[in-house]
Amino acid sequence: EIDAANVAGLIPGTDPERRDEVVAYTAHFDHLGIGTPDQSGDSIYNGFSDNAAGTAMLLAIASAMRDNPPARSVLFLFFTGEERGLLGSTYYATEPLVPLEQTVAVINLDAGAPPAPPLEWNISGGIRSTLGQLARDVADAHGWIANPTDARPNSDHWPFLKRGVPAAFIIPGPRWEGVNSNEREALRLRWDRYHQPSDHWDEDFPFAGLERYATFALELGRAVANADERPRILPPDDR
């Protein structure tokens, strides 16, 4: 057993009437540590795609938000213990720094590092609130497709959804820009190292996909933070 901490950072909003409300971005910074060595003898599970990519995107989004703050405040939550069962996010959802009733939306990034720019997105949890339609609107503006889906308890958005907070886990879809099916398979064979010791940073990794992932998340959060009305949970019959 070890002690581990969540990390949080807040960018205050510019509207005095809405700055007490926050849009929260989430990503987990833990991984699997040291485990069974692979064929090369490497036993360190670095977690480049899961989830150093997510934490790096949050830092980039925070930098952009700091340079041009929106109306509502933006909270950046870096969670620990996700791989052990959503421990950090569950703790935060029970002991939040900002009351959950003032948390208007949660945007979670924990879906790997696409090696090419995605053309479509699955919005896990998006059918449960109007956040899903807003994600569609943001995607449409770029000619992309966003598909709101139901959620599973597989990442840090889940403890918030359970407590009635609109939340979206953005997951890149299978279609990538400028890549045919054979090229896509080749990219996956080279770079998909999920939960393997070989999932480490590589200077040859093509970062255009992560840039687009972060751009979509940034624009969705900014749209929520500047909207006149906050997202709302949809009744079951409207999902």
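The legends below describe several views of a predicted model of one protein.

View 1. Along its principal axes, the C-alpha trace spans about 55 × 45 × 40 Å. Buried residues make up 50% of the 239 residues, and the protein exposes about 11700 Å², of which carbon and sulfur atoms supply 50%. Among contacts between residues at least 6 apart in sequence, 81% join residues at least 24 apart.

**View 2. The largest nonpolar core, around Tyr25.** This core has 41 residues, and those with the most contacts inside it are Y25, F76, I170 and F216. At least two residues of the core are supplied by each of β2, α1, β5, β6, β7, α3, β9 and α6, with the largest share, nine residues, coming from α6. Leaving aside its neighbours within four places in sequence, Y25 is in contact with residues that include L58, I61, F76, I107 and A217. A second, separate core has 16 residues, among them V22, F79, W158 and F160.

**View 3. The salt bridge between Glu21 and Arg230.** The side chains of E21 and R230 meet in a salt bridge, at 3.3 Å from N to O. E21 counts as buried at 19% relative accessibility, because the cut-off for a buried residue is under 20%, whereas R230, at 34%, counts as partly exposed. E21 and R230 also belong to a network of salt bridges in which R72 is linked with them.

View 4. In one of them, E120 is paired with R175, and the closest N and O atoms are 2.6 Å apart. Because E120 lies in strand β7 and R175 in the loop between β9 and α5, this pair ties together parts that are 55 residues apart in sequence. E120 is buried, at 13% relative accessibility, while R175 is partly exposed, at 37%. In the other, R212 is paired with E177, with the closest N and O atoms 2.8 Å apart; R212 is in helix α6, E177 is in the loop between β9 and α5, and the two are 35 residues apart. R212 is buried, with a relative accessible area of 16%, and E177 is partly exposed, at 40%.

**View 5. Asp199, a buried acidic side chain.** D199 has its place in the loop between α5 and α6. This residue is buried yet has no salt bridge, and the nearest side chain of opposite charge, R193, is 6.0 Å away. Leaving aside neighbours within four places in sequence, D199 is in contact with N46, G47, F48, S49, D50 and R193.

View 6. Most residues other than glycine have a negative phi, and most peptide bonds are trans. A cis peptide bond joins D50 and N51, with omega about 10 degrees, and N51 is found in helix α1. L86, although not a glycine, has a positive phi of about 55 degrees; L86 lies in the loop between β5 and α2 and is buried, with a relative accessible area of 9%. H195 also has a positive phi of about 55 degrees, and is found in the loop between α5 and α6, where it counts as partly exposed at 26% relative accessibility.

Terms used:
Residues numbered from 1 in each chain as written. Predicted model: local features only at pLDDT ≥ 70, side-chain atom pairs only at ≥ 80, totals over all residues. Heavy atoms only, no water. Helix = DSSP H or I, 4+ residues; strand = E, 2+ residues; numbered from the N terminus. Buried < 20%, exposed > 50% of the residue type's maximum accessible area, 1.4 Å probe, protein only. Lys, Arg positive; Asp, Glu negative; His and termini not counted. Salt bridge = Lys/Arg side-chain N within 4 Å of Asp/Glu carboxyl O. Contact = heavy atoms within 4.5 Å. Core = buried A, V, L, I, M, F, W, Y, C linked by side-chain atoms within 4.5 Å. Areas by Shrake-Rupley, 256 points an atom, 1.4 Å probe, with all protein chains shown as cover.
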